[in-house]
Amino acid sequence: MGPFFKKDLLILWRERYDTLVMTIIFLIMIIILGYTTSSWVEKKNESLQMTVAIVNEDNEPSGLIAFKNAIASSSLTSEAQASLGLQAEQRLPAKSLMQILDSIDFVTSIPMDQNAAIQALKNKEITAMINIPAGFTLATLNKMLLDDGEGGGKITLTADQRGSMSVDVLQDVVNEFMQQVNLQTAIDHALVTKVDQYSKTDQTLTLGGREQIAGIEPLGSFQYYTFAISIIASLILAQSVALKAITEKREHVFNRILVTGSHPARYLFGKAGSIFCVTFVQFALLIVASQFIFDLFPNRSIKFWFGMAFILVLYSLCVAALTMLFTSLTFRIKESAATGILTLIIMVIGCAGGSFTPIYILPDWIKYVGEWTPNGLSLSIFISWIQQDNFASLTVPFLRLGLLCIVMIVMSSLLFPRRGRI
């Protein structure tokens with residue numbers, strides 16, 4: 001494979017100025033797209049502004065009093081009654097929900113009665129309506145603290161813009177609130193034995209604890225398009241290397257290679273080796289240039305950069321496998337159609353994989369297809385590493401990327417013409 005690798009590397013080196021010019025063009029594209037789509041990629045909240053009607057049919061103070069009266073008439077000790085009463089005051093469910101909604105800067109909550117809220121929803125004066133039913137506080141506290149009752153309280157979310165981003169976000173907020181309530185209830189019930197022990201002794205019991213989970217780093221437009229455009233640059237480079245096989249076939253270079261007794265696979269892997277090196281260098285140059293110009297990743301650790309280099313190696317291997325597949329296709333299709341077909345493939349996987357538009361705005365079925373394209377899967381890995389800086393969360397994507405490389409190598413071997421078929 002060595003001579004073939006050297007041949008293709010020398011050909012690419014002969015065209016180094018063209019490659020450098022293309023790299024500069026891609027860098028200019030990153031600058032243009034980064035500035036023009038900053039609010040789009042970074043998901044500013046203007047498009048999520050919503051007005052929500054709160055229909056609260058519950059009387060929270062009465063529910064709290066009823067709960068305290070219930071525990072006062074129980075057989076619990078005075079210490080246990082005081083503890084449960086204090087917990088009930090601190091964990092009033094409707095109050096907690098309102099605090100969450102008030103803390104979200106793009107949500108404006110307005111108290112309304114049900115009829116007015118329904119009419120406002122029909123007139124599109126509000127985005128959604130949240131209904132807190134009567135008895136919600138008492139039922140929820142009974143279930144949370146005493147495990148009394150079947151289902152606790154239920155909150156209803158009503159909207160006529162189903163599927164819109166704002167409604168989906170609001171639904172996620174309400175669902176997350178209910179999940180947290182259910183989780184805390186499950187924890188309390190799991191520790192009921194310790195609560196009983198506490199009620200019979202004077203020892204102070206600390207239930208649970210608090211673990212802080214590092215938040216996901218926000219993704220900027222320059223960060224997104226640095227990787228999205230760099231990936232497209234690599235795909236175009238892979239196409240360019242594969243299309244050189246047309247000239248080699250026309251000028252009988254490949255026939256002379258076969259006459260020497262060399263296995264055709266060495267020809268394919270020679271191209272794969274050369275494109276691996278050039279892809280790694282070009283991608284690294286774009287990242288380094290963007291880092292100096294835009295300060296993409298300030299104050300990142302050495303671990304982050306080693307991880308970035310490791311992912312780049314895996315991506316370069318994927319581009320090498322794709323080049324092998326493109327080369328095999330070039331030998332199978334007519335010379336006049338080869339450029340158009342490979343360009344069409346790059347455009348399709350570029351759109352599906354989020355290289356031209358942010359992947360999160362695409363329909364779900366396109367997102368699913370994009371997850372199995374070389375650029376889409378690689379882009380998601382880069383983004384996950386930028387946001388989470390954790391290899392454990394990338395195990396499955398790495399396996400999928402490896403599987404994709406193997407599939408492309410097998411396909412290129414099956415499509416590549418055998419001896420006597422060139």
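Modeller: Here is a short tour by topic.

Modeller: This is a predicted model, so local features need pLDDT of at least 70, side-chain atom pairs count only at pLDDT 80 or more, and totals for chains, interfaces and linings use all residues. Residues are numbered from 1 along each chain as its sequence is written, and side-chain values use heavy atoms, with hydrogens and water left out.

Biologist: Sheet then. What is the strand order?

Modeller: The order is S2-S1-S3-S4, in an open sheet of four strands with mixed pairing. Strands here are DSSP E runs of at least two residues, and helices are H or I runs of at least four, both numbered from the N terminus. Two strands pair if DSSP finds at least two bridges between them.

Biologist: Which strands stand at the edges?

Modeller: S2 and S4 (156–158) do. Each has a single partner strand, so one side of each is left without a neighbour in the sheet.

Biologist: How many degrees does the twist average?

Modeller: From one strand to the next, the average is 25 degrees. Axes are lines fitted to C-alpha atoms, for helices over the stretch in contact, and angles run from 0 to 180 degrees between N-to-C directions.

Biologist: Which helix packs on the sheet?

Modeller: Helix H7 (residues 114–122). H7 touches S1, S3 and S4, where contact means heavy atoms within 4.5 Å. The direction of H7 makes about 160 degrees with that of S3.

Biologist: And S1, is that mostly covered or open?

Modeller: Mostly covered. S1 (residues 50–56) has five buried residues out of seven. Buried means under 20% relative accessible area, exposed over 50%, and partly exposed in between, using a 1.4 Å probe on protein chains only.

Biologist: What joins S1 to S2 and S3?

Modeller: Five bridges link S1 to S2 (residues 107–111), running parallel. Another five link S1 to S3 (residues 128–132), also parallel. Toward S2, Thr51 has Thr108 as its bridge partner, and Ala53 stands opposite Ile110. Toward S3, Val55 is partnered by Asn131.

Biologist: New topic. How many aromatic pairs are there?

Modeller: The whole structure has 13. Rings of Phe, Tyr and Trp (its six-membered ring) pair if their centres lie within 6.5 Å; planes under 30 degrees apart are stacked, over 60 edge-to-face, and the rest tilted. One of the pairs is Phe227 with Phe283, with centres 6.1 Å apart and planes at 45 degrees, so tilted.

Biologist: Where do those two sit?

Modeller: Phe227 is in helix H11 (residues 221–250) and Phe283 in helix H13 (residues 264–294), so the pair ties together parts 56 residues apart in sequence. Phe227 is buried at 1%, and Phe283 is buried at 0%.

Biologist: Which charges lie over rings?

Modeller: Arg300 lies over the face of Phe304, 4.3 Å from the ring centre. Arg400 has its charged end over Trp372, 4.4 Å from the ring centre. The rule is NZ of Lys or CZ of Arg within 6 Å of the centre and within 35 degrees of the ring normal.

Biologist: What about Cys318?

Modeller: The closest cysteine sulfur to that of Cys318 is in Cys405, at 4.0 Å, too far for a bond. Cys318 is buried at 0%, while Cys277 is partly exposed at 31%.

Conventions: Disulfide = S-S within 2.5 Å.
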